Number of protein chains: 2
Amino acid sequence: MINRLALIGLGLIGGSLSLALKERGLVGEVVGYSRQLQTRLRARELGLIDRPVDSAAEAVRGADVVFIATPVQAMASVFAEIGPELDPGALITDGGSVKGNVVAAAKLSLSPAQWGQFVPGHPIAGTERSGPDAAFATLFVDHRVILTPISENAPEMVTRAVDLWQSVGAIVEQMDVQHHDHVLAATSHLPHLAAFGLVSALSRLEERYEVFRYAAGGFRDFSRIASSDPQMWRDICVANRDELLPMLDHYLVELHRLRQLIEASDSAGVEKLFADAKAVRDALYRPATSQS
Amino acid sequence: MINRLALIGLGLIGGSLSLALKERGLVGEVVGYSRQLQTRLRARELGLIDRPVDSAAEAVRGADVVFIATPVQAMASVFAEIGPELDPGALITDGGSVKGNVVAAAKLSLSPAQWGQFVPGHPIAGTERSGPDAAFATLFVDHRVILTPISENAPEMVTRAVDLWQSVGAIVEQMDVQHHDHVLAATSHLPHLAAFGLVSALSRLEERYEVFRYAAGGFRDFSRIASSDPQMWRDICVANRDELLPMLDHYLVELHRLRQLIEASDSAGVEKLFADAKAVRDALYRPATSQS
């Protein structure tokens with residue numbers, strides 16, 4: 001049971017965690033801060049928070065759990081702002097999609113005594129929609145949440161973070177900060193780059209209006225993630241640059257390999273590459289394929 | 001009303017056209033041929049065809065409409081086989097995703113007197129599933145079908161092809177053969193390459209099992225088209241090589257542009273590219289977004 005939750009960042013992730021806790025009666029009061037006044041008011045209107053406040057510092061005062069769900073590049077200033085106001089017993093955790101730079105920011109802005117309170121986390125959940133209106137209480141049910149505890153964490157803080165996410169139905173796993181950033185570069189960040197890049201490339205074509213007119217269902221699915229929040233994804237790409245660029249290069253090598261096969265009209269080679277990819281993809285989503 | 005439809009290729013596209021016509025009572029008999037005996041028997045079992053036959057030549061005998069729905073690279077041999085048996089009044093059309101090489105194959109294998117009977121077509125419909133079991137009667141409803149008439153076509157043949165597709169609920173449009181192949185390279189063929197290539201690239205990672213374990217909903221949507229039929233897509237990529245490779249190069253340039261922006265930590269540049277792509281994508285699917 002959380003007495004007072006401080007929510008910093010009132011979008012899909014923050015709002016959904018709050019709704020999930022409220023629906024289960026697991027939180028007393030939710031105090032919320034977002035940079036935009038409009039967002040704060042909307043979040044209260046939607047019942048995501050009980051009380052909007054005017055600063056991150058004010059939000060964390062007296063809170064036993066602090067959840068930071070802003071775009072990752074904004075977290076450095078959040079840590080700096082909340083440091084002096086944090087309750088020494090408060091659990092601090094976040095929902096950032098990149099962990100390395102968030103941990104670095106936390107260590108830069110919090111006092112060493114506070115490092116142990118910050119248990120970095122990343123809920124692998126989301127849609128291409130964003131903002132407070134996108135939040136819903138079941139977002140995390142049966143979704144993975146990766147925690148990347150740091151060596152300074154008191155075991156009790158890690159346990160509280162695990163309990164927090166399990167209490168809203170998530171499957172909690174733990175891994176190393178750097179390993180997280182590597183795996184997510186492959187699984188999430190690179191696909192977003194690929195989709196944003198493809199839509200962007202097509203939109204540069206002179207005949208773009210006609211091209212998009214003939215886009216079919218495959219393109220709609222493929223490009224859905226190119227409707228994601230540009231600011232959030234800008235932050236993720238820049239924050240995880242060191243893992244993302246080698247992964248992008250790996251993709252470029254693969255596209256060049258495909259290019260060569262097609263240029264040589266190597267039907268057998270093209271088919272093998274496609275068939276191998278299909279086998280991997282089908283194995284991954286076997287349970288879902290029949291419904292799709 | 002079609003008296004006898006010859007269906008050559010008994011997969012998703014051919015089977016769905018047949019079901020759609022049958023359900024509306026628009027066809028007398030459907031005679032079907034597929035290379036695999038098993039597919040022919042399954043197609044009859046599913047009611048996609050009334051009578052399986054042992055060759056394409058036998059299928060077209062006495063048919064007033066011939067629909068070729070095999071992978072595009074198989075069409076050359078189909079045209080060669082059916083040429084001698086075609087009824088001079090029969091409409092011949094196809095469902096191939098590439099039109100240039102199909103028209104070339106038709107002109108090579110049919111007699112000049114028969115060229116006028118062949119109205120090339122491409123239904124922009126499909127799922128990542130394939131084969132006779134994937135067929136369903138409403139596949140084409142409200143989907144675009146592009147016809148690419150050739151100069152030799154008698155206007156009456158074009159009208160019959162238009163009527164055929166409109167009768168099963170499709171929105172029929174006409175364009176030039178080469179223009180079709182250019183537009184579809186952008187809209188459909190390149191996205192498939194991008195998705196097959198991405199899944200393939202990730203599957204080459206040593207840590208692939210772990211990577212795929214953390215794949216979320218965005219990746220599932222993005223990679224859905226990498227579950228498409230490898231043989232069909234091999235054929236499309238090789239058949240449309242001349243339009244596809246420049247389009248792939250255009251994509252590679254865009255990915256390199258993104259790479260440079262990220263490498264330079266040019267947040268504003270990355271955000272602009274993402275925001276522009278999102279705006280294009282959102283405008284394209286505005287009606288569907290609220291449901292997704």
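I looked up an open sheet in chain B: its 6 strands run in the order S3-S2-S1-S4-S5-S6, with parallel pairing. Strands here are DSSP E runs of at least two residues, helices are H or I runs of at least four, and both are numbered from the N terminus. Two strands pair if DSSP finds at least two bridges between them. The edge strands are S3 (51–52) and S6 (118–119) of chain B, and each pairs on one side only.

I noted that this is a predicted model, where local features need pLDDT of at least 70, side-chain atom pairs count only at pLDDT 80 or more, and totals for chains, interfaces and linings use all residues. Residues are numbered from 1 along each chain as its sequence is written, chains are lettered from A and ligands numbered from 1 in the order written, and side-chain values use heavy atoms, without hydrogens and water.

Next I checked one pair. S4 (65–68) and S5 (91–94) of chain B pair in the parallel sense over 4 bridges. B:Ile68 has B:Asp94 in S5(B) as its bridge partner.

Then I turned to a helix. H1 (12–23) of chain B packs on the sheet and touches S1 (2–8), S2 (27–33) and S4 of chain B. Contact means heavy atoms within 4.5 Å.

Last, I looked up Ser265. A:Ser265 is not a glycine, yet its phi is positive, about 50°. A:Ser265 sits in the loop between helix H12 (241–263) and helix H13 (267–284) of chain A. A:Ser265 counts as partly exposed because its relative accessibility is 31%. Buried means under 20%, exposed over 50%, partly exposed in between (1.4 Å probe, protein chains only). B:Ser265 also has a positive phi, near 50°.

Notes:
Axes are lines fitted to C-alpha atoms, for helices over the stretch in contact, and angles run from 0 to 180 degrees between N-to-C directions.
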